[in-house]
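Here is a friendly walk through one protein model, starting from a pocket and moving out to the strands around it. Please keep the structure open beside the text as you read.

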Amino acid sequence: DSERPAERVLLEHGGRRFHVAASATAVAAVDGRALSVWPAAGDAPPATATLGVTDVQALAWAGDRYLVATSYVDMDRTDVVILDRDGGWQAAWTWSIPGQVRELRVRPGGREVAVAWTNYRATDRVLRDDRKVEVISLDGAARASLDTAGSPASIAWSPKGDALLVAMVGNSPREQGVLRLAVR
């Protein structure tokens with residue numbers, strides 16, 4: 001008894017790589033620096049903008065006003081850019097993570113972001129091995145930081161936003177598992 005879903009092509013991809021995000025009021029797609037935002041309902045054309053960042057790697061809504069995007073800079077830096085709908089999709093805040101973002105999730109309520117990131121470098125010895133999960137406000141203020149035993153591979157907020165789940169991967173049993181962190 002399942003119905004075939006209604007289909008509407010919003011944007012032809014032509015071999016490009018898009019990242020998408022949806023809120024209660026809008027859907028967004030970004031290809032590199034080209035952003036398109038449609039109303040969640042109806043057939044209105046998209047609002048478009050060219051972003052002032054390098055290629056976007058991830059996209060998520062923080063409420064209905066802000067889009068959170070990540071932009072890889074180099075092995076030691078990924079920028080998190082908060083795009084403001086009311087400001088024509090220009091950056092309201094930009095802050096940097098000192099490594100590579102593995103996953104980013106907006107906390108229910110949209111005022112904070114959890115970021116799982118790593119930074120590993122080795123030659124004949126380990127020079128750097130950062131494995132972290134941080135909770136950061138939209139303006140870049142640090143709220144919480146946790147070093148994890150394993151590499152944080154996946155994160156998720158509880159529906160109330162009072163707990164953060166972190167799935168870790170690694171070589172030893174100590175580095176593998178799922179953490180549940182109480183967050184105030």
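How much space lies in the largest pocket? The answer is about 170 Å³. This is a predicted model, in which local features need pLDDT of at least 70, side-chain atom pairs count only at pLDDT 80 or more, and totals for chains, interfaces and linings use all residues. Residues are numbered from 1 along each chain as its sequence is written, and side-chain values use heavy atoms, with hydrogens and water left out.

A pocket here is an open set of points on a 1 Å grid over the protein atoms alone, where a 1.4 Å probe fits, with protein on both sides within 12 Å along at least five of seven lines; lining residues have an atom within 4 Å of a point. The volume is the space filled by probe spheres set on the points.

**The lining**

Q57, A58, T70, Y72, T78, Q100, V101, R102, E103 and L104 line the largest pocket. They divide into four nonpolar, four polar and two charged residues; Tyr and Ala count as nonpolar, for example, and Arg and Glu as charged. Strand 5 (56–62), strand 6 (66–74) and strand 9 (100–106) each supply at least two lining residues, and strand 9 gives the largest share, five residues. Strands are DSSP runs of E with at least two residues, numbered from the N terminus.

**Strand pairs**

Two strands pair if DSSP finds at least two bridges between them.

| Strand pair | Bridges | Facing residues |
|---|---|---|
| Strand 6 and strand 7 | eight bridges | T70 and V80 |
| Strand 7 and strand 8 | seven bridges | T78 and I97 |
| Strand 9 and strand 10 | six bridges | L104 and V115 |

Strand 6 and strand 7 form a hairpin with two residues between them. Strand 7 and strand 8 form a hairpin with five residues between them, and G88 in that turn has a positive phi of about 70 degrees. Seven of the eight residues of strand 7 (residues 77–84) are buried, so strand 7 is largely enclosed by the rest of the structure; buried means under 20% relative accessible area with a 1.4 Å probe, protein chains only.

Key
Helix = DSSP H or I, 4+ residues; strand = E, 2+ residues; numbered from the N terminus. Buried < 20%, exposed > 50% of the residue type's maximum accessible area, 1.4 Å probe, protein only.
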